[in-house]
Amino acid sequence: MSAAKSSAFRIGLVQMRSGLDPQANLASVLTAIDEAKRAGADYVLTPEMTNILALKREQLFASIVTDEQDPTLATLREVARKLSIYIHIGSLAIKASAEKAVNRSFLIDRKGDVAARYDKIHMFDVDLAGGESYRESNNYRSGELAVVADLPWGRLGMTVCYDLRFPALYRALAEAGASFLAIPSAFTKQTGEAHWHVLLRARAIENGCFVFAAAQGGKHENGRETYGHSLAIDPWGRVLAEGGIEPGVLIVDIDPAEVAAARAKVPSLRHGRRFELVEPMAEPTYLHAVREPL
């Protein structure tokens with residue numbers, strides 16, 4: 001059962017352009033969170049790779065630490081407590097071992113406690129046209145568990161970026177009671193232009209959920225170019241707010257009652273079925289019941 005409440009709340013989606021210096025990135029996100037709080041936000045989501053966006057292994061491992069030692073996490077825990085808001089760090093690069101990092105999302109409650117952690121499950125390993133190549137699994141260890149967490153206004157499903165392309169994950173989160181799907185991202189410009197809006201709207205529509213997608217945007221210090229266009233989408237698939245390429249903050253009012261309204265119109269969560277696969281070219285059983293000609 002979801003812990004859904006009917007009261008409306010206000011969210012802030014932080015769009016960033018993270019570089020190679022975690023302290024500089026932290027300064028940027030602190031400014032954005034302060035802006036969101038002054039605008040009345042109750043929940044603030046930052047993008048994937050809030051602390052550092054590094055492609056080269058040596059740059060990444062020279063800067064990251066364990067979550068117990070991470071200054072971004074420690075600082076944002078204190079900020080959440082001081083401002084009495086929920087801060088959802090879209091993800092941090094966290095050192096898991098000498099060889100591997102994790103791409104970890106943190107939900108921090110109003111007391112400054114870590115209410116939930118989620119490690120990105122799906123690794124982005126791909127070669128793109130124009131010479132772009134990504135091997136996230138070279139540096140990162142994938143997570144194994146889907147995570148939902150209760151907010152005062154309903155249940156939140158936690159995911160990160162490339163997870164967006166795996167709809168079964170979002171169906172599982174919705175079936176576990178999620179009313180809100182967080183999809184903090186650092187989509188490439190090429191894939192973002194083609195698929196970002198379509199995929200986010202699809203995840204909202206097919207699950208009757210709000211989607212919160214804070215994004216990285218623009219040309220980064222490491223040479224990577226991300227798509228930006230942070231989005232808030234309602235359970236009917238309507239875009240409530242959209243960012244551009246530049247860093248900034250989107251402020252959006254959310255009414256959780258819209259989840260029940262959308263699911264009443266299209267109750268697909270109650271109509272799901274499991275299917276048994278058959279061998280290729282197997283004849284449907286009804287063909288064997290054809291009567292002989294008279």
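Reader: How many bridges join β9 to β10, and do they run parallel or antiparallel?
Author: Strands here are DSSP runs of E with at least two residues, numbered from the N terminus. Two strands pair if DSSP finds at least two bridges between them. β9 and β10 run parallel, and the bridges joining them number four.

Reader: What kind of model is this?
Author: Residues are numbered from 1 along each chain as its sequence is written. Side-chain values use heavy atoms, without hydrogens and water, local features need pLDDT of at least 70, side-chain atom pairs count only at pLDDT 80 or more, totals for chains, interfaces and linings use all residues, and the model is predicted.

Reader: Which residue stands opposite G157 in β10?
Author: Two partners in β10 can be named. R155 has A178 as its bridge partner there. Opposite G157 stands L181.

Reader: Which strand pairs with β9 in the antiparallel sense?
Author: R155 in β9 is the bridge partner of D150. The antiparallel pairing covers five bridges, and the strand is β8 (residues 147–151).

Reader: How many residues of strand β9 are buried?
Author: Buried means under 20% relative accessible area, exposed over 50%, partly exposed in between (1.4 Å probe, protein chains only). Strand β9 covers residues 154–158 and is mostly covered. The buried count is five of its five residues.

Reader: What is the order of the open sheet of six strands?
Author: Its pairing is mixed, and the order is β8-β9-β10-β11-β14-β15. Each edge strand pairs on one side only; these are β8 and β15 (239–242). Direction ignored, neighbouring strands are turned against each other on average by 20 degrees.

Reader: At what angle does α5 run to β10?
Author: Axes are lines fitted to C-alpha atoms, for helices over the stretch in contact (heavy atoms within 4.5 Å). Angles run from 0 to 180 degrees between N-to-C directions. α5 lies across β8, β9 and β10, and its angle to β10 is about 145 degrees.

Reader: Why does the span of helix α6 agree with its 19 residues?
Author: Helices are DSSP runs of H or I with at least four residues. The expected span is 1.5 Å times one less than the number of residues. For residues 189–207 that should give 27 Å, which agrees because the end C-alpha atoms are apart by 26 Å.

Reader: Where is the kink in α6 centred?
Author: The bend at a residue is the angle between axes fitted to the seven residues ending there and the seven starting there. In α6 the kink is about 55 degrees, centred on H195.
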